[in-house]
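Have a look around before reading on.

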Amino acid sequence: MNDLSKTGSPKLLIVDDLVDIRRLLRAWAEVEGYTPLEASNGNQAVDIAFSEKPDVIIMDIMMPGKDGLTAIKEIRQADPITGIIVLTAYGTEQRAVQAMRVGADDYMHKPFDAAELRVKLASVLQKQKLRIENQQLQARLNGILNHFMPRSVIDQLMSAPELPHLGGERQAISILFADIRGFSIYAEQTEPEALVTTVNRYLGVATDAILAQGGTLDKYLGDGLLAIFNSPVRYADHALRAVQAACDIQRNTEALNAGPDGQGLQFGIGVHTGEAVVGNIGTPELMSFTAVGESVNLTKQIEEVTAPGQIMISRAVADALGPDRLIARSLSPLTVKGRSEPAEVLEVLGLK
């Protein structure tokens, strides 16, 4: 709710059903350099808080209709920044404690002492300033993280009760490797600045397809990328999502090549479904959310033998989709480093 760029006199919303108290507080506020606003009940307080966005609110608790506690709850749900001081009669400290629990910053007894109110308002305004600075820092941090990490990973890190630590868990995932074919030849003939622009365009259309299917972009690998499906966000149909993303990458690439920015480049894509350890890999000081294991290695080897514009999948992916969803043709088994048996692979022709 609060406008973080506000300048000038702080707005002070005075909420009390007694007109004499409002007049007294208004006169005091004007002398102290505040811009006073008034409300005679909880309903008015919420409306004015939403429309005027005051810096601080002095809220009476006991009012007819919507009381101060209810008004504070509603204001706090929309505005974590505004400072709130509650006014309470002597002997009703329990209500003041309740008000603090639902979002008030401090409380005072009636009748109020001007010197005490001055100190409390200054303290609450300082809290408000710190909240604004914290909000700005969080917005900047999120903005930076969004450019370097998948949104799903950011959400997981921010919601975790502890700081990230090394380690991961074994789980079934679908893995997608995509690499631009013919890139080395193109790079030899292209200035570095133009080369970077081209790479970004092609990786951009691939990334869009992956994110649209709920995939997690693991990393960029020069002129290629690695994506995983089913972590950290889980999907029962992660194999289908990975194949759909692969098909969309090829479709997006064709559209790019048909336009003025296309350079005729194409992706070779490999997809496999299997178990891998997914988590934070690296050192305690610098770690990366990624997937490791034999399944990742197999997917990379599948991708390395694909032709431009081709999508090649493992038998595990084909079995996960079934003949009702997948149009594919079998290829010659793939000899895989570190495996005693060749890997059965298929070329994706489309999805039903």
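This is a predicted model: local features need pLDDT of at least 70, side-chain atom pairs count only at pLDDT 80 or more; totals for chains, interfaces and linings use all residues.

1. Setting aside neighbours within four places in sequence, threonine 306 is in contact with Arg181, Gly268, Ile269 and Met312. You'll find threonine 306 in the loop between α10 (294-304) and β11 (311-314).

2. Is threonine 306 buried or exposed? Its relative accessibility is 6%, and buried means under 20%, so threonine 306 counts as buried. For a sense of distance, leucine 326 is 20 residues away from threonine 306 in sequence and 18 Å away in space, C-alpha to C-alpha.

3. Next, helix α8 (residues 192-212). With 21 residues at 1.5 Å a residue, α8 should span 30 Å, and its end C-alpha atoms are 30 Å apart, so the two agree. Just past α8, glycine 214 has a positive phi of about 80°.

4. Several residues of α8 are buried, among them Leu195, Val199, Tyr202 and Ile210. What covers the buried residues of α8 includes β6 (167-181), α7 (183-188), β7 (216-221), β8 (224-229), α9 (238-258) and β9 (266-282).

5. Finally, a helix pair. The axes of α2 (residues 42-52) and α3 (residues 68-78) come within 9 Å and cross at roughly 15°; angles under 35 degrees count as roughly parallel, so that is how α2 and α3 lie to each other. The crossing of α2 past α3 is right-handed. On the α2 side, Gly42, Ala45, Val46, Ala49 and Phe50 make the contact, meeting Ala71, Glu74, Ile75 and Ala78 of α3. Those contact residues divide into seven nonpolar, one polar and one charged.

Definitions and conventions
Residues are numbered from 1 along each chain as its sequence is written. Side-chain values use heavy atoms; hydrogens and water are left out. Axes are lines fitted to C-alpha atoms, for helices over the stretch in contact, and angles run from 0 to 180 degrees between N-to-C directions. Helices (H or I, at least four residues) and strands (E, at least two) are DSSP runs, numbered from the N terminus. Angles under 35 degrees count as roughly parallel, over 145 as roughly antiparallel, 65 to 115 as roughly perpendicular and the rest as oblique. A crossing is left-handed if the near helix is turned anticlockwise from the far one by less than a right angle, and right-handed if clockwise. Contact means heavy atoms within 4.5 Å. Ala, Val, Leu, Ile, Met, Phe, Trp, Tyr, Cys and Pro count as nonpolar, Asp, Glu, Lys and Arg as charged, and the others, Gly among them, as polar. The expected span of a helix is 1.5 Å times one less than its number of residues. Buried means under 20% relative accessible area, exposed over 50%, partly exposed in between (1.4 Å probe, protein chains only).
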